[in-house]
Amino acid sequence: MSRNQNVKRDGLEGPEPEERQRPVGRRNAQGIRVDPEVEAEPQSRRTIISAYVENEPGVLARVSGLFHRRQFNIESLTVGPTQNDGYSRITLVIEEPDPGIEQAKKQLNRLLPVIHVRELDSNPVACELVILKVDGDEPDKVQAITEMYDGEALDAGPRTITVQITGDESKIDDAIDAFEQFGIREIARTGQAALARGEEETAVVDERHT
Amino acid sequence: MSGEQKQAPADATDTTPKPIETGADAVVRALENAGVEHLFGVQGGAIMPVYDALYHSEMHHITMAHEQGASHAADAYGIVSGEPGICLATSGPGATNLVTGLADSNMDSDPVVALTGQVPTDFVGSDAFQETDTVGVTGPVTKANFFADDSRTVGRDVGTAFALAEHGRQGPTLVDLPKDVTNGPAEEDPGEPRTPTTYNPPETAAPDAVAEAAVALAAADKPLILAGGGVIKAEACEELRSFAIEHEIPVVTTMPGIGSFPEDHELSLEMAGMHGTGYANMAITMTDCMLAIGTRFDDRLTGGIETFAPDAEIIHVDIDPAEVSKNIEADYPLIGDAKAVLTQLQTAMDRSPSADEWREQCQQWKAEYPMDYAAPEDEPIKPQYVVEAYDLATDDDTIVTTGVGQHQMWACQYWSYTEPRTWVSSHGLGTMGYGLPAAIGAKVAAPDQDVVCFDGDGSFLMTCQELSVAVRENLDITVVVLNNAAIGMVRQWQDAFFGERHMASEYPWVPEFDKLAEAFGAAGFRVDTYDELGDAVEESLAYDGPSVVDVHIDPEENVYPMVPSGGDNGLFALAEDQL
Ligand SMILES: Cc1ncc(C[n+]2csc(CCOP(=O)(O)OP(=O)(O)O)c2C)c(N)n1
């Protein structure tokens with residue numbers, strides 16, 4: 001440093017805050033430059049993210065820990081093996097504004113065992129399973145509604161009937177509403193599993209990872 | 001002061017190379033293959049096989065007083081050398097004591113490899129003696145971590161951890177080493193460190209994106225470069241300097257970016273953010289095009305997001321895509337290594353921005369808001385003056401380390417940094433106690449450079465036991481305690497935001513640090529007057545070994561300029577009444 005230590009020190013000075021030049025723009029809470037006059041809250045949307053991962057111990061803990069720590073709003077998470085030994089597919093349903101969805105994908109990508117991440121945006125094939133246990137007082141009616149939803153009875157006794165329904169999220173939600181009348185005792189839902197539709201590949205990975 | 005020097009005990013280490021027989025041998029060979037020369041650690045049950053294998057190695061192990069010290073020393077070693085620093089600890093408390101340091105390295109993307117002992121595999125999950133789920137605990141604060149499950153591959157795990165710490169966006173990695181794995185059989189040399197095939201950090205940015213960014217920058221009226229720590233990590237300081245100078249673009253830095261651009265250059269506006277210079281904060285607020293390189297737009301830099309560079313198009317260069325548009329949206333994302341992308345940008349720029357007016361404006365801000373402090377003729381001593389005195393008395397390549405608090409900010413503001421890797425501090429985590437162990441790591445990494453640690457009395461008390469290590473290793477470091485008998489930064493905030501209620505921030509009694517130093521076998525100095533200061537600066541720097549200079553400073557001195565948390569950088573306060 002070339003500062004001369006013998007000079008008289010006066011302390012900090014300069015124009016006060018209200019005398020300074022000011023910028024004209026503004027950013028929103030997401031750091032995006034916006035028109036200062038229009039203050040729009042970013043809209044959240046629900047989407048499916050699919051991750052193709054190496055099947056190593058702890059991978060699920062890492063993924064769920066990441067979503068928790070970074071406060072991503074997660075609706076469901078499923079994991080299961082794929083056609084390739086040693087690799088699993090994790091399907092996440094999240095609800096976030098666009099920047100949050102982008103961040104979630106990027107943060108997932110930073111995890112070493114994660115080989116491919118994408119959002120399944122264009123009309124994916126998605127499916128969920130629910131198991132419903134209801135009171136067994138009206139077996140005929142339960143049977144009729146189960147058939148309406150292409151479901152199946154798994155267990156029937158004098159006091160309870162347990163059925164399974166599969167389908168997309170809204171179908172499962174509707175079915176649960178419909179069974180409400182019988183008195184639902186317990187529900188187990190799997191969360192959604194999903195693939196890209198038709199020829200489109202869900203995970204584009206090179207040969208090393210198949 | 002005591003002039004006596006402790007002799008390092010006669011070293012009985014047998015250094016005949018040993019063939020690989022166990023997992024521990026493979027671990028040690030993997031480190032040797034990586035070119036490691038120094039290790040920082042503390043012994044203990046579960047890591048003993050690794051230490052036993054080290055007995056035959058030429059690598060130099062430095063026994064620290066506390067594992068936190070080992071993790072900070074390794075971190076500073078990583079900052080100064082650019083190569084991963086290595087720390088070792090046993091299972092359980094040894095491993096958990098590393099956590100603060102790993103979190104610190106993770107926030108600052110510093111290259112560190114931690115090796116932790118673990119209970120034997122069969123005992124894992126049984127709550128065995130000194131068992132902790134180290135991989136679970138350290139997962140969120142490491143770039144990657146591994147549980148070694150096979151003595152025959154453990155050497156490669158260590159190599160992988162080393163390569164991952166060093167390549168791409170740097171960071172801390174950890175390998176947990178169960179005792180049966182390090183004791184188990186192995187024969188193969190683990191080879192050179194290699195990143196896994198799934199790890200492919202970007203090198204150059206997309207050429208189209210670079211071209212667009214170059215057009216935007218060349219068209220700017222008020223261009224500004226924001227240089228972050230990534231510039232230093234990527235060894236891109238030369239590229240940054242020639243780019244900024246050729247195109248005459250003013251440069252501000254983040255705190256980790258200090259040293260990337262010489263602060264005595266006329267284009268330098270020094271550090272921006274909470275305690276940045278007035279001129280840096282004016283420039284960062286008024287710019288219309290910011291080239292931000294290797295920065296994650298931390299809130300201490302940005303202040304409130306809404307008012308951060310609100311008129312600027314942002315060109316963001318970063319090796320980690322997740323940092324781009326995380327806090328501040330990038331208009332021109334350039335994903336790649338800072339050195340490579342700066343070279344691309346240089347080629348793509350066919351003209352410089354015409355920004356004479358802007359440059360004049362920046363010079364005017366420099367004249368309007370000079371960094372200064374009110375120094376009366378009389379005592380108490382002003383801390384800023386102490387920082388300047390050491391800066392004047394030392395070479396440009398002197399390394400500065402710090403604790404966390406006011407003293408850290410004065411060390412930023414009143415020392416003029418001109419070289420990369422000379423500013424070694426705890427930025428993102430803000431870890432009190434970092435300074436002294438970091439000085440040890442820095443000195444081990446750069447034995448030919450002077451190392452000065454500016455510490456606070458509070459910070460020094462957190463890790464001062466590491467003085468024993470500096471004495472044992474006879475490390476020539478100078479610790480300057482800017483002693484205000486308070487955890488001053490907290491007291492400053494209480495003055496400003498908590499009605500001057502000094503709850504738990506003032507020390508009614510502080511140890512005599514000069515005597516404490518002497519008890520450890522270091523040289524101790526006490527300074528109360530400006531006259532004493534001159535001598536103490538000279539003698540402490542001349543002393544061949546660790547010294548501690550306890551400078552009793554003005555306890556009322558506060559750090560300004562200041563942007564309150566979440567505030568508007570352009571409205572920085574020059575004094576408390578402007579907050
Ligand atoms: C480990 C840790 N604990 C608490 C804090 C909160 N904190 C930030 S600055 C500060 C005061 C530091 O006091 P000192 O080291 O004496 O430095 P000074 O501010 O007085 O220069 C405290 C307590 C912290 N940063 N780190």
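Q: Into which domains is chain A divided?

A: Domain bounds here come from an automatic or database domain assignment. On that basis chain A has domain 1 (44-119) and domain 2 (125-194). Before we go on, a word on the source: this is a predicted model, in which local features need pLDDT of at least 70 and side-chain atom pairs count only at pLDDT 80 or more, while totals for chains, interfaces and linings use all residues. Residues are numbered from 1 along each chain as its sequence is written, chains are lettered from A and ligands numbered from 1 in the order in which they are written, and side-chain values use heavy atoms, with hydrogens and water left out.

Q: How many residues does each domain of chain A bring to the contact, and what area is buried between domain 1 and domain 2?

A: The size of an interface is often given as the accessible area lost when the parts come together. Buried area is the accessible area (1.4 Å probe) that two parts lose on being put together, summed over both; contact means heavy atoms within 4.5 Å. In chain A, the domain centres, taken over C-alpha atoms, are 28 Å apart. Domain 1 of chain A puts 8 residues into the contact and domain 2 of chain A puts in 7. Together they bury about 520 Å², with 50% of that from carbon and sulfur atoms. On the domain 1 side, Ile48(A), Thr78(A) and Thr91(A) lose the most area to domain 2, together 56% of what that side buries.

Q: Which domains make up the division of chain B, and what lies between domain 1 and domain 2 of chain B in buried area?

A: Chain B is split into domain 1 (23-183), domain 2 (207-368) and domain 3 (383-560). The centres of domain 1 and domain 2 of chain B, over C-alpha atoms, are separated by 36 Å. Their contact joins 8 residues of domain 1 of chain B to 5 residues of domain 2 of chain B. The buried area is about 570 Å², 46% of it on carbon and sulfur atoms. In domain 1 of chain B, Met107(B), Arg169(B) and Gln170(B) lose the most area to domain 2, together 66% of what that side buries.

Q: How many residues surround the ligand, and which are the closest?

A: A residue is near a molecule if one of its heavy atoms lies within 4 Å of it. Here 17 residues surround the ligand, the closest being Gln406(B), Gly430(B), Gly458(B), Ser459(B) and Gly488(B). Helix H18(B) gives the most to this shell, with 4 residues; helices are DSSP runs (H or I, at least four residues) and strands likewise (E, at least two), numbered from the N terminus.

Q: Which polar atom of His407(B) lies by the ligand, backbone or side-chain?

A: A polar contact is a pair of N or O atoms within 3.5 Å. For His407(B), a polar side-chain atom lies 2.9 Å from a ligand oxygen atom. Gly458(B) uses a polar backbone atom, 2.8 Å from an oxygen atom of the ligand. In Ser459(B), an N or O atom of the side chain is 2.6 Å from a ligand oxygen atom.

Q: Where in chain B is Pro380(B) found?

A: Pro380(B) sits in the loop between helix H14 (356-368) and helix H15 (383-393) of chain B.

Conventions. A polar contact is a pair of N or O atoms within 3.5 Å; within protein, one must be able to donate a hydrogen and the other to accept it, and residues adjacent in sequence count only if both atoms are side-chain atoms.
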